[in-house]
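Reader: Hi! I am new to reading protein models. Could you take me through one part closely and tell me how far to trust what I see?

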Amino acid sequence: MRRSISETEHSESDLSSGATTESNSSDYEQEDRHHSSRVHDSTTAKRDNVMLPRPWASSGGWMCFLMPLALASRFLNAPPCKEQVHLHLMLTVTAAGMCVETLCFFVYFFADTSILAKCIISLLPGTFTALGFGLCLGTSWLFAVVAGFLMIAGYQHFYVCMMRGFSRCFTYGEASILFQGLMLFVISATYRLYELCSADADAKTFSDFDRLNLIMLNALMWLLILCVLVTAVPRLRGPIPFYLLLGLLVVAVTCAPVTTPLPIVALLQFIFRDPKRLQIIGFYLVLVLLTGATVTWQLRHTVQANTRVRKIFHLLIVLVFVPGVLFQCTLLYLATGIALAAFVVLELMRLLEIPPFSDRLTDAFHSFRDEKDAGVLALTPFCLLIGCSMPLWLTPCPCSGKDTLILLSGILAVGVGDTAASVVGSKMGRNMWGNTSRSLEGTIAFVMSILLSVWLLEATGLLAMTQAKWFATIFAAINSALVEAFTDQVDNLVLPLVFYILVGLA
């Protein structure tokens, strides 16, 4: 415990120490006031049933276009493998429908229109999606209408509920990307699990990727059900019910008959079949220990983690993804699902104050929180993982070996470019972009670091590049750097999609 100034000797060093103590105490009091304000605003929002987006940021409405553009660009420029054409086209149409729904949401709530216009606006997204299903997928019109309106209504309901329930956590644009992604995951998982139960499933030969993808989809679906149960039933939020649900989740994931052999056996066979796979797993475990050591070291200091300390996690995630994409794509794909599930479970423990980890998790959240973590959710680490993983998740048959540059989109934009821009900009930034905190020097570092990384991968024979791919990479790097310089949205979420769309033009 700190001593007061009256308890110290009247020396110059003690006066300096006392001043520092008063300054730190003032900072803590100010933080407490800000936290109390956030809690009050969140409580008020829930009571008044209103939506409060993340403060000090624009609405980000343009971001609702990114997910459908990413899916459409892959479909048009590099058609998916034959067995996933129908699913990918369904996801693309659904994403476009959710984009239209988001735009209509803005008009409905924020524009002064007549009752008739609002009724037409309300029907437009479902009609658009139903037409897409009927014309692009060739489904029956009854299925197209029912499925189209149900999917859009589900997205709208979930979007509004999450914006009201987690006030100040997202901008409208950030919420659109996250909730579009969640809806697309549910559709994809339902589609794949339905295929598994179909009559011809027994005759189908599953590759390692297909088998592990089913295991991951099944695991994440059960985790989503757990989250829904905990949200809907307050009695399940205690430590004992929570750990019982977690135990049932583990049993469902490892023993559910979604693969032959059972998932736990299939996982062990996959891991021990290849010695190189064991080496990569050992390397990943070392990185996990380094991550824990970084968090522990930071928690021993009372100061808030600065940007350069937070960028250590960007470096660590580069070390995870690059060898994974290049040498063990299927293992990396599985690891992203495991990491996402671990993040969700730890965040649930923190929010529900489940012992014995909740206190340490709360301390870590407060220590590493930045200005974009204005609500109760730890948004930044989730977006870092999701942003780097999205190229893997959005690309059909990602481990076919044909899309290495595409799969590296997230890690090049966030892990390499954004990190270089932050470090160089904070050290040598002199020429600022308008009224922003971003500098021209940081933007140049963003572009050059990406181009240098791609050149090194090509020079070592790890990445095959053509003239068209180089042009697309340069174009994507420059535009992503400009987005990073001017956007006030979570760049961990925006930059990977922008880079993915543009580099996919090759």
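Author: Happy to! Where pLDDT is low, the predicted coordinates should not be read in detail.

This is a predicted model, so local features need pLDDT of at least 70 and side-chain atom pairs count only at pLDDT 80 or more, while totals for chains, interfaces and linings use all residues. Residues are numbered from 1 along each chain as its sequence is written, and side-chain values use heavy atoms, with hydrogens and water left out.

Helices here are DSSP runs of H or I with at least four residues, numbered from the N terminus. Among the elements of the protein chain, helix H1 (residues 12–48) has the lowest mean pLDDT, 42, and helix H17 (residues 440–459) has the highest, 96. The protein chain averages a pLDDT of 85, and 88% of the residues score at least 70.

Now for a helix pair elsewhere. The axes of helix H12 (residues 329–352) and helix H13 (residues 358–368) come within 8 Å and cross at roughly 100°; axes are lines fitted to C-alpha atoms over the stretch in contact, and angles run from 0 to 180 degrees between N-to-C directions. That makes H12 roughly perpendicular to H13, a label for angles of 65 to 115 degrees. At this meeting, Leu346, Met349 and Arg350 of H12 touch Ser358, Leu361, Thr362 and Phe365 of H13.

Technical notes: pLDDT = per-residue confidence, 0-100. Helix = DSSP H or I, 4+ residues; strand = E, 2+ residues; numbered from the N terminus. Parallel < 35°, antiparallel > 145°, perpendicular 65-115°, else oblique. Contact = heavy atoms within 4.5 Å.
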